[in-house]
Amino acid sequence: MYLTSDPVADMLTRIRNANQEKHDKVDVPLSRLKLQIVKLLKEEGFIKSYNVIKKGKFESIRLSLKYGNDGERIISGIQKVSKPGRRVYVKCTEIPRVLNGLGIAIVSTPQGLLTDKSARKLKVGGELLAYVW
């Protein structure tokens, strides 16, 4: 097991790499923040399903990636925005639209993790974590 300075970026990279190679499943180490991000991805239809599994004394999240009927990727891009060295905060009026609404921006707000649409509706800003399209 190795330590990473940005566990969310590590998770997004694992998803991106597994998706690129068209793997069915990918495992990421468990944390509450990562679990919330995975729940958002499931609600928005980017992944098929997920479950928490225990490997020895470590827990991880197993994601089932989703592909179209002809095997085309549902996630065409996933990008980390806010990094440990450069945090990106936005007001509710400044939250960007990803691909004119086809993708989502994941925002960490005082109300928890929200998609860009939900954050605009609730009129809350926060830290811009990632884009998924």
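User: Which residue in strand 3 is the bridge partner of Asn-51?
Analyst: The bridge partner is Arg-62. A word on the model: it is predicted, so local features need pLDDT of at least 70 and side-chain atom pairs count only at pLDDT 80 or more, while totals for chains, interfaces and linings use all residues. Residues are numbered from 1 along each chain as its sequence is written, and side-chain values use heavy atoms, with hydrogens and water left out.

User: How do you know that strand 2 and strand 3 pair?
Analyst: Pairing requires that DSSP finds at least two bridges between the strands; strand 2 and strand 3 (residues 58-65) have eight, in the antiparallel sense, so they count as a pair. Ser-49 is also found opposite Ser-64 in strand 3. Strands are DSSP runs of E with at least two residues, helices runs of H or I with at least four, numbered from the N terminus.

User: What joins strand 1 to strand 3?
Analyst: Five bridges do, and these two strands run antiparallel. Pro-29 faces Ser-60 of strand 3.

User: Which strands are the edge strands of the open sheet, and why?
Analyst: The sheet has three strands in the order 1-3-2, paired antiparallel. Strand 1 (25-29) and strand 2 (47-55) are its edges, because each pairs on one side only.

User: What makes helix 1 oblique to helix 2?
Analyst: Their packing angle is about 40°, and the axes are 10 Å apart. Oblique is what remains after under 35 degrees (roughly parallel), over 145 (roughly antiparallel) and 65 to 115 (roughly perpendicular), so helix 1 is oblique to helix 2. Their crossing is right-handed.

User: Why is Lys-80 called buried?
Analyst: Lys-80, which belongs to strand 4 (residues 78-80), has a relative accessible area of 9%. Buried means under 20% (exposed is over 50%, partly exposed in between; 1.4 Å probe, protein chains only), so Lys-80 qualifies as buried. Beyond its neighbours within four places in sequence, Lys-80 is in contact (heavy atoms within 4.5 Å) with Asp-6, Val-8, Ala-9, Leu-12, Leu-129 and Ala-130.

User: How far from a polar atom of the Lys-80 side chain is the backbone oxygen of Ser-82?
Analyst: The distance is 2.5 Å.

User: Which residue takes a positive phi in the hairpin of strand 2 and strand 3?
Analyst: Gly-56 does, near 65°, in a hairpin with two residues between its strands.

Definitions and conventions
Polar contact = N/O pair within 3.5 Å; in protein donor to acceptor, adjacent residues only side chain to side chain. Axes fitted to C-alpha atoms, helices over the stretch in contact; angles between N-to-C directions. Left-handed = near helix turned anticlockwise from the far one by under 90°.
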